[in-house]
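Here's a quick walk through the fold you're about to see. Keep the structure open and follow along as we go from a couple of loop residues to the sheet and its helices.

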Amino acid sequence: MRIWVDADACPVVIREILFRAAERTRVELILVANHAIRVPPSQVIKSIQVGAGFDVADHKIVQSAAPGDLVVTADIPLAAEIIEAGALALNPRGELYTSETVRERLNMRDFMDTMRASGVETGGAAALSQRDRQAFANQLDRILAQRDKDI
C-alpha cells in the first residue's frame with residue numbers, strides 16, 4: 001500500500017498527521033501538487049510536482065495509484081475515479097468514501113453548482129475543526145491497522 005495525497009488543497013495539519021503515520025508505519029507517502037511542497041527528510045515520504053493546469057495532479061494520482069492504495073483528497077470526482085480503480089479514498093475530515101457516498105456527494109456538488117450559477121450564495125465548507133482532525137487520524141489508523149493485518 002502507498003498513500004497518495006492530493007496536496008494542492010490538503011491542510012497542513014492533515015499533512016503533518018500523514019507524515020507521522022508514514023514514519024511510524026513505514027508506508028510510502030507521496031504528495032502530488034502543481035507547486036513545491038515541503039516534506040521532511042525521510043525514506044518513505046516524497047513529493048511530486050506536476051505541471052500547472054486543471055486537474056493535472058489528479059490525473060497523476062489516478063495514473064499512479066494501484067488497487068489497495070489510499071488516496072487522501074477532498075476532490076469528489078477524483079475520489080470517484082480512485083474508488084472505481086480499486087483504491088481507497090479518504091477526505092481530510094476523516095470520511096472514507098464509498099461508491100455510494102461519492103455518488104451522493106457528486107449529486108450534491110452538481111446541485112450546489114446549479115444553485116451558485118443561478119445567483120444563490122451557498123458559502124463554503126466550514127473550517128477544519130479539532131474533531132475533523134481527530135476523525136481523520138482515527139480513520140487513517142484503522143486503515144493502516146487493517147493493512148498490517150492483511151500483510
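Arg26 is partly exposed, at a relative accessible area of 42%. You'll find Arg26 in the loop that runs between helix H1 (12–25) and E2. Keep in mind that this is a predicted model. The backbone at Arg26 is worth a look too: phi is near 65°, a positive value in a residue other than glycine.

Asp55 is another one to check. Phi of Asp55 is near 60°, again positive in a residue other than glycine, and Asp55 sits in the loop between E3 and H2. With a relative accessible area of 27%, Asp55 counts as partly exposed. Here are the two side by side:

| Residue | Phi | Relative accessible area |
|---|---|---|
| Arg26 | Arg26: near 65° | Arg26: 42% |
| Asp55 | Asp55: near 60° | Asp55: 27% |

Now for the sheet. In what order do the 5 strands of the open sheet run? Reading across, you get E3-E2-E1-E4-E5, with parallel pairing. Strand E3 (45–49) and strand E5 (88–90) are the edge strands, each pairing on one side only. On average, neighbouring strands of this sheet are turned by 20° against each other, ignoring direction.

Ala33, for instance, has Gln49 in E3 as its bridge partner. Helix H2 packs on the sheet, where H2 touches strand E1 (2–6), E2, E3 and strand E4 (70–72). The direction of H2 makes about 165° with that of E1. H3 packs on the sheet as well, touching E1, E4 and E5, and the direction of H3 makes about 155° with that of E5.

What about the two helices themselves? Helix H2 (residues 56–64) and helix H3 (residues 76–84) pack at an angle of about 10°, and their axes are 10 Å apart. Angles under 35 degrees count as roughly parallel, so H2 and H3 are roughly parallel to each other.

Which residues of H2 and H3 meet? On the H2 side they are Asp58, Ile61 and Val62, and these meet Leu78, Glu81 and Ile82 in H3. Sorted by class, the contact of H2 with H3 has 4 nonpolar and 2 charged residues, with no polar ones.

How values were computed. Residues are numbered from 1 along each chain as its sequence is written. This is a predicted model: local features need pLDDT of at least 70, side-chain atom pairs count only at pLDDT 80 or more; totals for chains, interfaces and linings use all residues. Side-chain values use heavy atoms; hydrogens and water are left out. Axes are lines fitted to C-alpha atoms, for helices over the stretch in contact, and angles run from 0 to 180 degrees between N-to-C directions. Helices (H or I, at least four residues) and strands (E, at least two) are DSSP runs, numbered from the N terminus. Angles under 35 degrees count as roughly parallel, over 145 as roughly antiparallel, 65 to 115 as roughly perpendicular and the rest as oblique. Contact means heavy atoms within 4.5 Å. Ala, Val, Leu, Ile, Met, Phe, Trp, Tyr, Cys and Pro count as nonpolar, Asp, Glu, Lys and Arg as charged, and the others, Gly among them, as polar. Two strands pair if DSSP finds at least two bridges between them. Buried means under 20% relative accessible area, exposed over 50%, partly exposed in between (1.4 Å probe, protein chains only).
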